[in-house]
Amino acid sequence: MVMIFSIVFGVAFVPLVGKLADSVNPQIMLPAACCTRFLSIVGFYLVKNVNSPMLYVVSIWMVLGTLMETVCT
């Protein structure tokens, strides 16, 4: 359920990420996407309860980081 929510939330931000990718240099956008994904991995490590709101936040960050990287390349 968490990943479905994250993907739906992430798809809603695809136009914003696309606009951001068009206006920001890829040499800045790609490292930012990798850092976002790295921070989400650290966030997954820090989640203690599977039902916590933090899990939703971290999952959304992972999807947004992946979208940023995909749109940028």
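1. Start with the outward side of helix 3. The face turned away from the helix's buried side carries the exposed residues Gln-27, Phe-38, Ile-41 and Tyr-45. Keep in mind that you're looking at a predicted model.

2. Which residues of helix 3 are buried? They are Met-29, Ala-33, Thr-36, Ser-40 and Gly-43.

3. As for the shape of helix 3 itself, it runs over residues 26–46, which makes 21 residues. From the first C-alpha to the last it reaches 30 Å, close to the 30 Å expected at 1.5 Å a residue.

4. Met-68 counts as buried, since its relative accessibility is 12% and the cut-off for buried is under 20%. Leaving out residues up to four places away in sequence, Met-68 touches Val-17, Met-29, Ala-32, Ala-33 and Thr-36. Take Thr-36 from that list: it is 32 residues from Met-68 along the chain, yet their C-alpha atoms are separated by 9.1 Å.

5. Next, the aromatic rings. How many aromatic pairs are there? The count comes to three. One of them joins Phe-5 and Phe-9, with ring centres 6.2 Å apart and planes at 25 degrees, so this pair is stacked. Phe-5 and Phe-9 are four residues apart in helix 1 (residues 2–12), so about one helical turn separates them. Phe-5 is partly exposed at 40% relative accessibility, and Phe-9 is partly exposed too, with a relative accessible area of 34%.

6. Phe-5 also pairs with Tyr-56, and here the arrangement is edge-to-face: 5.3 Å centre to centre and 85 degrees between the planes. This pair links distant parts of the chain, with Phe-5 in helix 1 and Tyr-56 in helix 4 (residues 53–72), 51 residues apart. Tyr-56 is partly exposed, with a relative accessible area of 28%. Step back and you'll see that ring pairs link Phe-5, Phe-9, Phe-13 and Tyr-56 into a cluster.

7. Last, the cysteines. How many disulfides does the model have? The count comes to zero. For Cys-35, the nearest cysteine sulfur is that of Cys-34, 7.1 Å away. That rules out a disulfide, because the two sulfur atoms would have to be within 2.5 Å. Cys-72 is in no disulfide either, as its nearest cysteine sulfur, again that of Cys-34, is 9.2 Å away. Are these two cysteines buried or exposed? Cys-35 is partly exposed, with a relative accessible area of 47%, whereas Cys-72 is buried at 18%.

Technical notes
Residues numbered from 1 in each chain as written. Predicted model: local features only at pLDDT ≥ 70, side-chain atom pairs only at ≥ 80, totals over all residues. Heavy atoms only, no water. Buried < 20%, exposed > 50% of the residue type's maximum accessible area, 1.4 Å probe, protein only. Phe/Tyr/Trp six-rings, centres within 6.5 Å; stacked < 30°, edge-to-face > 60°. Helix = DSSP H or I, 4+ residues; strand = E, 2+ residues; numbered from the N terminus. Expected span 1.5 Å × (residues − 1). Contact = heavy atoms within 4.5 Å.
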